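Subject: The structure I promised you

Hi,

Here is the structure we talked about. Have a look at it first, then read my notes below.

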Amino acid sequence: MTPRLTVWFDSGCPLCLREIALMRRLDRRGAIDFVDLGAAETDCPIDRAELLARFHAREDGRLLSGAAAFAAMWRAIPLLRPLGRLAGWPPLAPAFEAAYRRFLRLRPRLQRLLR
């Protein structure tokens, strides 16, 4: 199967590495192309700093960010598809984005704990 979803991740972030490792194990169909932003040759669709600041994915040619990017990644994995659909449902999408923004404030502390 040719990946229809591209996900950019920060290999310098221990939290990101753990999450991506889990997603890779769950992505048994190879539906996701995981792109390491730590590699110098990585082609970035937008500024690398923006990609590092928030989670990004490209689904069907659309660049997604934050909770929408997570929802796309979850939809690509059969086990997580129900969660991805729920997170992408317009009435709930703002709540998922708000939770993601709160997570971003905690992320630096979580990264320090995992180093």
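Which residues does Glu97 touch, not counting residues up to four places away in sequence? They are Arg54, Ser65, Gly66, Ala67 and Ala68, where contact means heavy atoms within 4.5 Å.

Before the rest, a word on where this comes from: it is a predicted model, so local features need pLDDT of at least 70 and side-chain atom pairs count only at pLDDT 80 or more, while totals for chains, interfaces and linings use all residues. Residues are numbered from 1 along each chain as its sequence is written, and side-chain values use heavy atoms, with hydrogens and water left out.

Back to Glu97, which is found in helix 5. Helices (H or I, at least four residues) and strands (E, at least two) are DSSP runs, numbered from the N terminus. Glu97 is buried, with a relative accessible area of 17%. With a 1.4 Å probe and protein chains only, buried means under 20% relative accessible area, exposed means over 50%, and partly exposed is in between. Leu106 also has its place in helix 5, but Leu106 is partly exposed at 42%.

Now for helix 3. Eight of its nine residues are buried, so helix 3 is mostly covered. Among the buried ones are Phe70, Met73, Trp74 and Arg75.

How do helices 3 and 5 pack? For helix 3 and helix 5 the angle is about 110° and the axes are 8 Å apart. Axes are lines fitted to C-alpha atoms, for helices over the stretch in contact, and angles run from 0 to 180 degrees between N-to-C directions. Helix 3 and helix 5 are therefore roughly perpendicular to each other (under 35 degrees counts as roughly parallel, over 145 as roughly antiparallel, 65 to 115 as roughly perpendicular and the rest as oblique). Ala67, Ala68, Phe70 and Trp74 of helix 3 meet Phe96, Glu97 and Tyr100 of helix 5. By class, that contact of helix 3 with helix 5 has six nonpolar residues, no polar ones and one charged. Ala, Val, Leu, Ile, Met, Phe, Trp, Tyr, Cys and Pro count as nonpolar, Asp, Glu, Lys and Arg as charged, and the others, Gly among them, as polar.

Helix 1 packs against helix 5 too: their axes come within 8 Å and cross at roughly 95°. Pro14, Leu15, Cys16 and Arg18 of helix 1 make the contact with Phe103, Arg107, Leu110, Gln111 and Leu114 of helix 5. Those residues divide into six nonpolar, one polar and two charged. The buried residues of helix 1 are Pro14, Cys16, Ile20, Met23 and Leu26, and they pack against strand 1, strand 2, helix 3 and helix 5.

What about disulfides? The structure holds zero of them, a disulfide being a pair of cysteine sulfur atoms within 2.5 Å. For Cys44, the nearest cysteine sulfur is that of Cys16, 14 Å away. Cys44 is partly exposed at 23%, whereas Cys13 is buried at 0%.

Asp60 has a positive phi of about 50° although it is not a glycine, and at 59% relative accessibility Asp60 counts as exposed.

Cheers
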